[in-house]
Amino acid sequence: MAKLTRDAVLKLAKLSRLKLTEEEIERFAVELSAILDYVETLNKVDTKGLEPTYQVTGLKNVMRRDEPIEYQAKPKELLKNAPAVEKNQFKVKRVL
Amino acid sequence: MNKATGYRLQVTDGWPAVADIAKRIQNGELKAIDLVKKSLDLIEEKSDFDAIISTTKKRALKLAAEIDEQVKKGEKIGKLAGVPFIAKDNFLTFGGKTTAASNMLKDFEAPYQATAINRLEAEGAICVAKANLDAWAHGSSTENSDFFVTKNPHDKTRVPGGSSGGSAVAVVLGMAPFALGTDTGGSIRLPASFCGAVGYKPTYGLVSRSGVVAMASSTDVIGPLATTVENAALVLDVMSGRDELDSTTIEKDPKGYRLQVTGDSLKGKKIGVIKEYFNEGLEPGVKKLIGQAVEKIKAAGAEVSEVSLPSLPLALAVYYIICPAEVSSNLARYDGQRYGHSAKEAKTLEESYELAREQGFGAEAKRRIMIGSHVLSSGYYEAYYKKAQTVRTKIIKEFKEAFKKYDFLVGPVSPTTAFKIGEKTSNPLSMYLADIMTVAANIAGVPAISIPVPTPKGRDSDRSVGAGLADNLPVGLQIIGPQKSDRELLGVANAVEELK
């Protein structure tokens, strides 16, 4: 039922920013289809009159004071894992 | 195999009770530095189980020396001072790398620590090592680690369960008195069951998730693995409670979670045995031991009867929509630009994303990201994600109904004992099914514990637990409580642990 075509897998890979190999495309088409078949069993469940639950303990709009806090990490430490840094900023490939 | 009892391995951590360690350091009987060295030695000695990714040796020894120095000066030390522990490698910690067992983060050095780690450190506990896991905590066997497969301490050809497999193996082999894990669909309880440890999954939000590599944010919880309920309860007590850095955290019970000296009795407790967990998929050996455990609970004075929660078996399908959806969002941050693996050969910005992710993520992460992208995409969102969240409501309602009549629910943690390494890796869906009995507690946000089934030998005075075995492998009993019943649940688990 949920048989994913090659094109569908490629579209998902694109949405997910993954450059899959040929082998992966074939493998994932089969595996993802099986997983989707399984989860689609929920379609048969009667949920009339029920609302979805997104937060299990009932918390809503938890706010904190709108003030900067003294945080553990300093900018230098936050940048130390970056592949490229220039003038204390992340350096990325050209965008335009 | 011990011929007299029929039990091959008595699980004992070989450490004093966690509550006593700081006291004995304070009065000069023990030294923090010796405990940390003992832990590091054991990690080295038992390295063939591949439970540990890295140690934080230098920092651990420094922290231990500081505690010993405090004692020398006559200063008061924290209530967990000098207690070595091991954190699953998805907790951000100083003193080494935090990898989530993924190639994406294999060289990542955390710029800050998880709140849970900071709270334990504030009481003097010392992180000595980082434990192996399924990469990103995606899995039920620790075989999805991008680095190596952890072995079950009872049988090296079998998996330890997952995803917190390294943490469970570490405590069962006595590498430290406790370890930390995360449980998104069963990842603390399943390895606890497979290895013969105590694994505790608190109410959703009880422990801050700040500084823990996010998997599925609406079901992720942090909890302890130990060899006794008492140790697990004490660790939870120190870690839990509101944290400004995680807006989903809840207040802790004002009485805390440390066990009372008198202990809780099972007398008069209303215990429901979950009917849906005793179907044809349950291995006979597991069924027998769980049945015996239920009889012992009854004999101890609890009112035990069968209860049906017909929607519980749907929890796994709900989970495998919600989890990948949230995984795909949470893993979107790994784009090769700010931290994590980057593809040096990429020529364009687009290519730098795609190559970094293609090279840095393993097969299971990719599967979950793509399933997530699918179920959240326009036109499919209502059919999958919203439907799953609505079935979730149905499951929550059934739990609430059951908890009107029962104080706690019990059942197995898993339909099987530890399976063979490689047995399920070729079929991702069969691996997912390993979580069939643990995942409902995550979907409903309720607390649950896995404890080894009581054995004739009982719990030794030297704090060892007797792992009840089926075919020489441990079996865990699962006890589930209503939301925020953590204190009572730990009390009851302690009472069950004492049964013979």
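Mentor: One definition before anything else: helices of at least four residues and strands of at least two are DSSP runs, numbered from the N terminus. Keep in mind also that this is a predicted model.

Trainee: OK. How many helices and strands does chain A have?
Mentor: Chain A has three helices and two strands. Along the sequence they follow the pattern α-α-α-β-β.

Trainee: What is the radius of gyration of chain A, and what would a compact globule have?
Mentor: For chain A the value is 22 Å, while a compact globule of 96 residues would be near 12 Å. The C-alpha atoms fill a box of roughly 55 × 45 × 25 Å along the principal axes. Of the residues of chain A, 17% count as buried.

Trainee: How many residues of chain A are in contact with chain B?
Mentor: 43 residues of chain A, against 56 residues of chain B. On the chain A side, α1, α2 and α3 each give two or more residues. The largest share, seven residues, comes from α2(A). By type, that side has 26 nonpolar, eight polar and nine charged residues.

Trainee: Switching to chain B. Which residues of helix α1 are buried?
Mentor: Val18(B), Ile21(B), Ala22(B), Ile25(B) and Gln26(B).

Trainee: Why are they on the same side of α1(B)?
Mentor: Because they cover an arc of only 130° around the axis. In general, an α-helix has 3.6 residues a turn, so residues three or four places apart point the same way.

Trainee: What covers them?
Mentor: The cover for the buried residues of α1(B) includes α2, α3, β5 and α7 of chain B.

Trainee: And what follows α1(B)?
Mentor: Gly28(B), with a positive phi near 85°.

Notes. Residues numbered from 1 in each chain as written. Chains lettered and ligands numbered in written order. Predicted model: local features only at pLDDT ≥ 70, side-chain atom pairs only at ≥ 80, totals over all residues. Contact = placed C-beta atoms within 7 Å. Nonpolar A, V, L, I, M, F, W, Y, C, P; charged D, E, K, R; others polar. Buried ≥ 20, exposed ≤ 12 C-beta atoms within 10 Å, placed from the backbone. Arc of directions from axis to C-beta. Rg over C-alpha atoms; globule rule 2.2 N^0.38 Å.
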